[in-house]
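Student: Here is a structure to go through. I would like each term set against its definition.

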Amino acid sequence: MPKLGTTNSSAMPSLHNGHVVGQAPGKVILTGEHAVVYGYPAVALPLFNLRAQATFVSASPGYGTVIAALDLLQHARLTDPSPLLKPLVLAAKTAIAEMGLENEPNCILQVRSQIPVARGLGSGAAVVCALVRAMSKAAKRPLDLNAQNRIVLKSEKLLHVRPSGIDNLTIVHGQPLFFRKGQQPVFFHARQCPVFLLADTGVSVPTSKAVARVAELRMRNPRQAEGWFEEIGEISKAMFEALKQSKPAELGPLLNSNQELLRRLGVSSVANEKLIQAALMAGSPAAKVTGAGLGGQILAIAHKEDCRAMDEALRAAGATEVRQVQWQAPAPACKD
Ligand code: PMV
């Protein structure tokens, strides 16, 4: 199982070959998904062992810009975007404008990602971020983190109804984040973060569908929904304090309480519950949905001695992939 924060990039074939490369990490939400859309706090970590990478390969004059999404076997010109690559095309155009380039560069932008698509791990934001970084490095026109964040958020808006902004900030800044919409993001150091297992249900549901489901519930019963969001917000505040103050024993009860509230919000599906119960039965002190839910990933705390048993139990319960992750700061090369 790959570990978060490792600097070994052997899992992804190197695309350097003298070309300009941009990278960005995936992300995982520890607490606060869905409530964060309505202005309550959430906590997220970047995942540096799951990365997106874009390689800028120069082309002859007059060639223009072609984006080649190698995993999807799709390509697009900036003038003629394939629907699947719309967010990347929008990001490339916005980056060109932000960098003040007169013409689109003559290049092929090859994009690859280790982050599974539509599984709550920030794949969309990460590929866009990697692309923007490769373009700005190649043009020697640095875009600061705020500019990168603006571009990534703009293309996130093509995919999600109303993205809270947590994915783009975590991925662009590459640091643990305490986030509340409309407020200054708080990046912090998370010491003594436990090992987690991320288990994939194999079910991919668009974030917009899960967000719409919660919006419906809130329409039907606004007081109850706001009460649950508020409880989730308090959990995120406590999670932030526990991580900052290195109190790992406090994390488990917070994650379990958050999961109970996600159940009430209706985003923990049968597939999620199967994996959560399997993790708990195999010794995990806490497990929850991470990201939008209705499938996607679950996150479970894993004591070292239980990792193997948990991995086996999760796979037996239907997990299509199990990854071991633990937050640690990345090597500088992984951040840009
Ligand atoms: O895209 P996902 O699966 O990581 O979900 C993001 C979390 C939500 O709170 C459900 C949506 C959002 O915009 O914050």
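Student: In which sense do E3 and strand E5 (residues 107-113) pair, and over how many bridges?

Tutor: E3 and E5 pair in the parallel sense over five bridges. The model is predicted: local features need pLDDT of at least 70, side-chain atom pairs count only at pLDDT 80 or more, and totals for chains, interfaces and linings use all residues. Residues are numbered from 1 along each chain as its sequence is written, and side-chain values use heavy atoms, with hydrogens and water left out.

Student: Why are E3 and strand E4 (residues 74-77) said to pair?

Tutor: Two strands pair if DSSP finds at least two bridges between them. E3 and E4 have four bridges, in the antiparallel sense, so they count as paired. In E4, His75 is the bridge partner of Ala68. The two strands form a hairpin with four residues between them, and Leu73 in the turn has a positive phi of about 55°.

Student: Why is strand E3 called mostly covered?

Tutor: Buried means under 20% relative accessible area, exposed over 50%, and partly exposed in between, with a 1.4 Å probe and protein chains only. Five of the five residues of E3 are buried, so the strand is called mostly covered. Thr65, Ile67 and Ala69 are buried on one side, and Val66 and Ala68 on the other.
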